[in-house]
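Biologist: I am new to this one. Could you show me the structure and take some questions?

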Amino acid sequence: MHAASSFRPLAIALAGLGALAVAMGIGRFAFTPLLPLMMAEGTVTLPGASLLASSNYFGYLLGAGLLTLQPWLWRRLGWSVALNGPTLIRGGLVATALVTAAMALPWPAAWAWWRFAAGLASAVVFLYTSGWCLEQLARRGVPAMGALIYVGPGLGIVTSGLAASALVATHAPAADGWFLFGVLALVLTVVVWRVFDAHRALPAPAATSASGANAKGEEADVVEMGLLAGAYSLAGLGYIVTATFLPVIARLTLPGSRWLDLFWPLFGVGVILGALAASRLRGPGDQRLRLAACYVIQAIGVAASLVSPTLAGFAIGSVLLGLPFTAITFFAMQEARRLRPQHPTSFMGLLTVLWGLGQMVGPPIAAVLVAHASSTAAGFTQSLWCATGALLVGAGLYLLLACVYPVRSGSAHPR
């Protein structure tokens, strides 16, 4: 066991939290609160913003796709060397910090490439952090603690949102924000560096004969897995328009309000609260039903500002959008491990690819609708109603899965 026992479960969960705060809260979503500053400075237009957002999401999609295909590629090439997950996490964190800081450079032609690289790095960090931390926590007998790592994106979102508010108050340029976020990402990387060490990982227990449940999970119905993947992809499409353009939409709807820059931090607070709530769930439960409930909550959050375009509507909508955001990921990754208990990583990667595809097409769809609508506000309204519909369809798919493929007693949670 050597040094493996030196890392307590809480240390692993907090390291995962910090890693996802960098990869998702900063590498992915620091762009959202800085976008109004960039547009006010004239350094980016709405179509340009959609391009930067989609570049980041395409990088995320490509990274997840490569990681999904990696076992197949290794077999085709005859390579038997396994990838070192903790080392890849470290590399992805450093890359995220560097390309985030690079956005401060006055090279607009390179910005799409920096955002693409940030998306690629965040996919590596997200998948390997999720897989490695959930595995290590499960081996220590505390799988529910894995939900704590998904507090990280919320903390990153709150921090970036409040920092952007300070930049607006002091009339600082967006470049200062990018550099600040790059430095913060580097500091967090240093803090979590020691935990991500493959030599200190708790090894897997000795292999035992597969139980009937395990065999069934390994041979899960391809239709069941396909429906799960399709439903999960709709989460990417459902949240992304709000997550990309929330400050811009708020400024169009509530011009002159003093509270505009607080809606994004409220979204982050919702993410934190939702992840903490997910970590408190105990006992067996059908993850599909939990996912369906999360989608309905998020759909209400997306529609709240449409039904009530007021300060209260935006505030409530921001919190409700955030509450299930990472809980959805946690429940879906747990379901992937249930269906593929022996080799879950590739299926987790496939889910992430489809989720990334859903979120990649969201900003261009919004840009097209805005371009052809009678006004920018009308275009965003159409986009948000489409997102609401996508989430409700996803909830329906999960309910269908729960009815057609009921979870047998004792198999609701992965081993």
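Modeller: Some questions and answers about this predicted model follow.

Biologist: Is Ala304 buried or exposed?

Modeller: Ala304 sits in helix α11, residues 287-307. Its relative accessibility is 14%. Buried means under 20%. Ala304 therefore counts as buried.

Biologist: Which residues does Ala304 touch, not counting those up to four places away in sequence?

Modeller: Contact means heavy atoms within 4.5 Å. With residues up to four places away left out, Ala304 touches Gly313 and Gly317.

Biologist: What separates the C-alpha atoms of Ala304 and Thr388?

Modeller: Along the chain, Ala304 and Thr388 are 84 residues apart.

Biologist: Are α9 and α12 roughly parallel or antiparallel?

Modeller: The axes of α9 (residues 222-253) and α12 (residues 311-322) come within 12 Å and cross at roughly 165 degrees. Angles over 145 count as roughly antiparallel. So α9 and α12 are roughly antiparallel.

Biologist: How many residues in the contact of α9 with α12 are charged?

Modeller: From α9, the contact includes Tyr239, Leu246 and Ile249. From α12 come Phe314, Ser318 and Leu321. The contact residues divide into six nonpolar and three polar, and the charged ones number none.

Methods
Residues are numbered from 1 along each chain as its sequence is written. This is a predicted model: local features need pLDDT of at least 70, side-chain atom pairs count only at pLDDT 80 or more; totals for chains, interfaces and linings use all residues. Side-chain values use heavy atoms; hydrogens and water are left out. Helices (H or I, at least four residues) and strands (E, at least two) are DSSP runs, numbered from the N terminus. Buried means under 20% relative accessible area, exposed over 50%, partly exposed in between (1.4 Å probe, protein chains only). Axes are lines fitted to C-alpha atoms, for helices over the stretch in contact, and angles run from 0 to 180 degrees between N-to-C directions. Angles under 35 degrees count as roughly parallel, over 145 as roughly antiparallel, 65 to 115 as roughly perpendicular and the rest as oblique. Ala, Val, Leu, Ile, Met, Phe, Trp, Tyr, Cys and Pro count as nonpolar, Asp, Glu, Lys and Arg as charged, and the others, Gly among them, as polar.
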